[in-house]
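Trainee: I would like to learn how to read a model of this kind, one feature at a time. Could we look at it together and start with the charged side chains?

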Amino acid sequence: MPRFPLLLMLLWSVGSHGFPVTSERQDQDMEMVQKYLKKYYNLNIGTSVLEKQRSSAEVVEKLKQMQKFFGLKVTGKADPETKALMRQPRCGVSDISPRFELTPGNPRWERTHLTYKIENYTPDLSRADVDKATEKAFQLWSRVSPLTFTKVFQGQADIMISFVWRNHGDNSPFDGPGRVLAHAFQPGRGIGGDVHFDEEERWTKDSNNFNFFQVLVHELGHSLGLSHSTDIGALMYPNYIYSDDVQLSQDDINGIQTIYGPSKYPIQPTGSQTPQACDGQITFDAVTKIRGEFFFLKDRFLLRFQPRYLEVSLTPISTFWPHLPSGIEAAYDIAERDEVRFFKGSKYWVIEGVVMQSRIPQDIYSSFGFPGRVKNIDAAVHMEEEGKTYFFVANEYWRYDENKGSMDTGYPRKIIHDFPEISGKVDAVFEDEGFFYFFQGTKQYKFDWKTKRVVTFLTSNSWFNCRNN
């Protein structure tokens, strides 16, 4: 069955030739593991010999709990994947509750109209940017619940937002740049509901460093009574994963409505669903091979299939390429150039190796010669033997000569004429060992390039090791 992965710290690894781990490094790693489990999983570390023996067993159990939460292989050992995840930037609130369950004790605000106040501002952003992001963050939660929020400028508010340093008087000191980004307190009097940002982080309004708006939306979830979610697509997921389109997932919406009830709007808003590899109804926006691995793109996620290990991992696209937008519509790789091209609308982005060549996309008209009537590419695939790339648009396809840098004459042609049994819009396509694999909805067609016929009918997720395939 597919394994829910560690967010990849290294994009591709071709092997490791390391030096022996020193005793000092092992001690440092163990200290880091214990601190992490103590902060986020209530690990108790004793001082006596007997207590240390008990602590050792408890570390194993807490590691298993943490690994299960993040979808790692449950070993009870501080393996490299586990330690790498522990080093990722994240929220400072613990992970003791699964999914969208409420904070222990089920705290909630007893009224639906709340006030907030920004106590101070970060020098990283203009006051206007902070104000705008804060208002927008509250609107996200208000849109899906009966809650309303008003900004106040004097006195105390229900939710106080501030930028602070290290030990700032709440018994939860920050640790400097790069680890704990912010934290918030459950609903209640006094400090209840308040949000603290670590001023030693670099706060931005884009993908650089840490996006203030995205982190604030997450922390406000805690202010309203939500715990962390195991859903990697939810904003209440504990680790920071940048998204170019910050929206509440259905998991987030289910959580806040569990506490406060449905939205005040007659038509209930819905959120995105995190794709599941073994969902029989899953469809894909684009599929391509990169360095021998298969990348299935869906919304803002990619499912990475590694044939060598027969494993599929779910990862946000931004984990690999922070500046690539969600909703990619087509993709293809040119293996001999170690180059991948991603398409959305009339624009495309180029990745060479693992590096995006420019944040500014190029257009398909000047680069490939498409006519103005083509508004987007549905699917694309490169045939290495020919040096040709096939672009599928509606019920037609174009053939592009990568070496000459021009479209072949006589195109576009009807897809059905040259690809019998492939009619209508193609969602995605890729090539493997001389076969084209076409995706249409939940169906997949294995097409023999030489005989020009479909040789196998498959489900869209047939590559994954699912029991229903």
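Mentor: Let us begin with one pair: aspartate 95 is buried, and arginine 90 is buried as well, where buried means under 20% relative accessible area, exposed means over 50%, and partly exposed lies in between, with a 1.4 Å probe and protein chains only. Please keep in mind that this is a predicted model, in which local features need pLDDT of at least 70 and side-chain atom pairs count only at pLDDT 80 or more, whereas totals for chains, interfaces and linings use all residues. Residues are numbered from 1 along each chain as its sequence is written, and side-chain values use heavy atoms, with hydrogens and water left out.

Trainee: What do the side chains of aspartate 95 and arginine 90 meet in?

Mentor: They meet in a salt bridge, with 2.8 Å from N to O; the term stands for a side-chain nitrogen of Lys or Arg within 4 Å of a carboxyl oxygen of Asp or Glu. By this rule the count comes to 22 salt bridges.

Trainee: Which residue forms a salt bridge with arginine 304?

Mentor: The partner of arginine 304 is glutamate 293, and their closest N and O atoms are 2.5 Å apart. Because arginine 304 belongs to strand β10 (residues 301-306) and glutamate 293 to strand β9 (residues 293-298), the pair ties together parts that are 11 residues apart in sequence; helices (H or I, at least four residues) and strands (E, at least two) are DSSP runs, numbered from the N terminus. Arginine 304 is buried, with a relative accessible area of 5%, and glutamate 293 is buried too, at 13%. Elsewhere, salt bridges that share partners join Arg337, Glu339, Arg341 and Glu402 into one network.

Trainee: How many residues apart are lysine 83 and aspartate 29?

Mentor: These two form a salt bridge, with the closest N and O atoms 3.2 Å apart. They are 54 residues apart and link distant parts of the chain, since lysine 83 sits in helix α3 (residues 80-86) and aspartate 29 in helix α1 (residues 23-41). Lysine 83 counts as buried because its relative accessibility is 17%, and aspartate 29 is buried with a relative accessible area of 10%.

Trainee: Let us turn to the backbone. Which peptide bond is cis?

Mentor: The bond from tyrosine 411 to proline 412 is cis, with omega near 15°, and proline 412 is placed in the loop between β20 (406-407) and β21 (413-414). Phi deserves a look as well: aspartate 299, a residue other than glycine, has a positive value near 55°. Aspartate 299 is found in the loop between β9 and β10, and it counts as partly exposed at 35% relative accessibility. Glutamate 421 likewise has a positive phi, near 80°; this residue lies in the loop between α9 (415-418) and β22 (428-432) and is partly exposed, with a relative accessible area of 45%.

Trainee: How should I read the chain as a whole?

Mentor: The protein chain has nine helices and 25 strands, and buried residues make up 53% of its 469 residues. Along the principal axes, the C-alpha atoms fill a box of roughly 75 × 55 × 40 Å.
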